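This briefing goes through selected features of the structure shown below, grouped by topic.

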Amino acid sequence: MFEELFSQLQSFEIAGSTFSLYSLIVGAVIMLVGIAIARIARTIFNKYYAPVLPEHAAKNYGKMIYFGIIIISFLVFTTTTGVDFSGLVVAGGILGIVIGFATQSVVSNVLSGIFLLIEKPAKQGDSVELPDSNISGSFVDVGTFSTRVRKFDGTIMRIPNEKFFTSNIRVLTDSLVRRQEVTIGIAYKEDIDAAIEVLKKTIMARMSFVLHEPEPEFRVEELGDSSVNISILVWYPKQDWGKVAPVLLKIAKNALDDVGIEIPFPQRVIWKGDRP
Amino acid sequence: MEASSDLLGLDRQSPSKEYSNYGGYEIEEELELFFPSVEIRIKRKDEGNFLYLRKDPEGEIAEKIVPVSGNKMKIEIAPIRPLNYPARRTNFIYLKFDQEVFLSKNASTSFLVRCPIEIGVFLVHDSHKDSMDWFTCDPSKSRFGLYGAPDTGKLCKFYKVPIVENEQDSEPYHNCVMRLNFENLLDRGYSVTRSIFPITDHFLYYKGNKAQLDSLNVTLRKRIAVEYVETAELRLKNIDWGKSPSWEKDTETPSMEMGLE
């Protein structure tokens, strides 16, 4: 009865396809139900399955489930209501080209986003650095148009997918371990071997995240203007930058101070000639 | 207000330093346990609640309130696998021997090494043993090492260990003894200096203050041109030692709801 009532209502035509109020209402209901199912499915997935998956995989699967159901709903909508979009496609062809040129960067960002999802240059939570843009932080996710990086100061940096895709990306946490290097200077009068022995013992005893295999390495880097400069190279688990890098130099200095090895100030010896 | 540690006497010098054994303990009112550089005190706080305090080698004090269902609190102190300090990062352990063992072609040998441990405190209730706390008496020796390349290798807990004579040679509270069985099926002699394996496949056993770990079978083989090592854990059988409950810190942070962690 309702079908007859609605079919009597005025039909209208767009790009060769005939629409009626009835078909639009049915379509709207199908799409609304589809969106509701997609949201429920994504919620169930996020609640029960995502916690046991890696964070980046969980987010991608969540998106796939959500948009997959919406696409299926749209296909159901077109087939059940008999809407033929071929006319729209033909009519929209020229318009599409015009829009395409106008939205080139938008399309480029979408495609770059797809390529980033395929290539996966970094996983969610990885520490990344874009040296060209002077951006470093924790990789958050790849969105439709942009990639988000949480900088180490807590702010979120939105980078267009195209720029991220074409940038040099340094992933800081892809390897199991990382190396930290600092340089410390000792006075020329000091015994280099004794200083290295003190530094090695202290670092290995007091820095629990510094790897003992490979052992810390010490190199006499330079006979500088005021000091003999020693490079200290230590390896540590990739997650533990904060427990090694910021304190390494402090521990090295304290170790030398404790045994009385001098860390000299910059100094210059001036020879004064006899006045005529 | 008096600090809890002082209230329970953790800041005072203990009159005796006789160390406690591994095993089960029942607490009605108060219990003191002593380990090298670590002290534990458990005291009834009120009806149904006990207060647990531990002072570690760095002087830090861990404090917990433990609700119990009955009149008594039951705990078990047991050695656990050394994977938690300073942070849980791996399942692998890297034992570097203090002496080299040379295996000639088709030779096999078996020897014992010391393997470090941590100590777990388990709350026993309704036949469950829940990990309540853990500690190490030797934090300065608990370090990491890398086996292989930085991108493809294995991050391991790293220890330099001595080869010992018999199963009783463990240093109480610091390490256990494990047997390594080596077989060389290569067509050449081979020097063994280290052993790297996932220790999560192994169980610990204790008696008094001594501990043992399941054995490890290591076979050196060659397939076509590739030389490789096959390892398999071997359960200890026919021993009257108690089996330790197993526990390691999770590597992944559990998902949070309503800020509960």
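In this predicted model, strand S6 (residues 73-80) and strand S9 (residues 118-125) of chain B run antiparallel and are joined by seven bridges. One pairing across these strands is that of B:Glu76, whose bridge partner in S9(B) is B:Phe122.

**The sheet of chain B**

- The strands S1, S6, S9 and S10 of chain B form an open sheet of four strands in the order S1-S6-S9-S10, with antiparallel pairing.
- Strand S1 (23-27) and strand S10 (128-135) of chain B stand at the edges and have a single partner strand each, so one side of each is left without a neighbour in the sheet.
- From one strand to the next, the twist of this sheet averages 30°.

**Helix H5 of chain A**

- Helix H5 (residues 104-119) of chain A has 16 residues, which at 1.5 Å a residue should span 22 Å, and this agrees with its end C-alpha atoms, which are 22 Å apart.
- The buried residues of H5(A) are A:Asn109, A:Ser112, A:Gly113 and A:Leu116; they lie on the same side of H5(A), because they cover an arc of only 110° around the axis.
- These buried residues pack against strand S4 (135-142), strand S5 (146-151), strand S6 (156-160) and helix H6 (161-166) of chain A, whereas A:Gln104 and A:Ile118, on the other side of H5(A), are exposed.
- Just after H5(A), A:Lys120 takes a positive phi of about 50°.

**Contacts between the chains**

- In the contact between the two chains, 14 residues of chain A meet 16 residues of chain B.
- On the side of chain A that touches chain B, the residues divide into nine nonpolar, three polar and two charged.

Key: Residues numbered from 1 in each chain as written. Chains lettered and ligands numbered in written order. Predicted model: local features only at pLDDT ≥ 70, side-chain atom pairs only at ≥ 80, totals over all residues. Contact = placed C-beta atoms within 7 Å. Nonpolar A, V, L, I, M, F, W, Y, C, P; charged D, E, K, R; others polar. Helix = DSSP H or I, 4+ residues; strand = E, 2+ residues; numbered from the N terminus. Expected span 1.5 Å × (residues − 1). Buried ≥ 20, exposed ≤ 12 C-beta atoms within 10 Å, placed from the backbone. Arc of directions from axis to C-beta. Pairing = 2+ DSSP bridges. Axes fitted to C-alpha atoms, helices over the stretch in contact; angles between N-to-C directions.
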